Amino acid sequence: MPLVPTQELFAVTPLAAGAFNTVLLEQLEAILAGATRAGLPVIVQISENAVAYRGALAPLAAAARTAIEAAGIPAALHLDHATRPDLIEEAVACGFTSVMYDGAHLPWAENIARTREITGRCHRRGVFVEAELGEVGGKDGAHAPGVRTDPGEAARFVAETGVDALAVAVGSSHRMTERTAAIDLELVRALRAAVPVPLVLHGSSGVDDATLAAVVRAGMRKINMSTLLNTVFTGAARDSLESAPETVDPRTYLRPAREAMADRVARLLTLLNSSPAPPAVP
Ligand code: G3H
Ligand code: ZN
């Protein structure tokens, strides 16, 4: 199936789009296998940090485009947490259907000016833009999880920048390995009422299943998740290596890692798009 423009992906997603990060080819395969198993659309994300790890954007981006075209479900390709305008340009040239410009660390006026300029450039190429206001706690240890996005400011930010989706701070925090985040559902509802574009939850790994379902019911439309899937992937690889320490072929431990991640992706997508939600997974 061809790559789907991110705007269209929202249109064909029943309730909320799962947006999952990949660093490795096996994780990319797991995301698409899980979505196919669930029969639901998915957003594949490559972050600026993943590009730094790989040393280049193009090889993983090309693999993602090719794998998406071979998949049987609609999928979009998103550049996550980009702070570098040149990387956004490169992503647009590589065929990404959306980008997140992360100017949340900038003062208000500068965040608006830069986001507006990048949004204009992306829109001329038909690329959907997500931005962030009120930094989601925990990213690089820079901000506390107590940060909250004000609904009035969020509405002004969207009006002044023209962005297509907005990441908001409502209590989640990046890179949590326990699912204990307390989400301000009242604030999600207030933001939903004030903001005319899809709301995005970052740091969703720290949010348990029941709260994820409630967050979607409250109006969140894109759920970004990475750490939980890394935990599942690495845990399965670790189990495999511990049970067979003589292993030398990477396929021996990457196969169960990929399978475990695909299974969790399928369950997450089903959870995000079921009403009422299926039984919770710890
Ligand atoms: O942008 C990506 C996400 O916000 C992932 O956060 O690793 O805490 O799930 P997480
Ligand atoms: Zn994030």
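I first looked up the contact of α9 with α11 in this predicted model, and I found that D209, L212, A213 and V216 in α9 meet L268, L271 and L272 in α11, where contact means heavy atoms within 4.5 Å. By class, I noted six nonpolar, no polar and one charged residues in this contact (Ala, Val, Leu, Ile, Met, Phe, Trp, Tyr, Cys and Pro count as nonpolar, Asp, Glu, Lys and Arg as charged, and the others, Gly among them, as polar).

I then looked up the axes, and those of α9 (residues 209-218) and α11 (residues 250-272) come within 9 Å and cross at roughly 45°.

Next I turned to ligand 1, which has 13 residues around it, and D80, R175, G203, S205 and T227 come nearest (a residue is near if one of its heavy atoms lies within 4 Å). A polar side-chain atom of D80 lies 2.6 Å from an oxygen atom of ligand 1, and for T227 I wrote down 2.5 Å to an oxygen atom of ligand 1 from a polar side-chain atom.

For reference, I kept in mind that residues are numbered from 1 along each chain, and that ligands are numbered from 1 in the order written. Because the model is predicted, local features need pLDDT of at least 70 and side-chain atom pairs 80 or more, while totals for linings use all residues, and side-chain values use heavy atoms without hydrogens or water.

Technical notes:
Axes are lines fitted to C-alpha atoms, for helices over the stretch in contact, and angles run from 0 to 180 degrees between N-to-C directions. Helices (H or I, at least four residues) and strands (E, at least two) are DSSP runs, numbered from the N terminus. A polar contact is a pair of N or O atoms within 3.5 Å; within protein, one must be able to donate a hydrogen and the other to accept it, and residues adjacent in sequence count only if both atoms are side-chain atoms.
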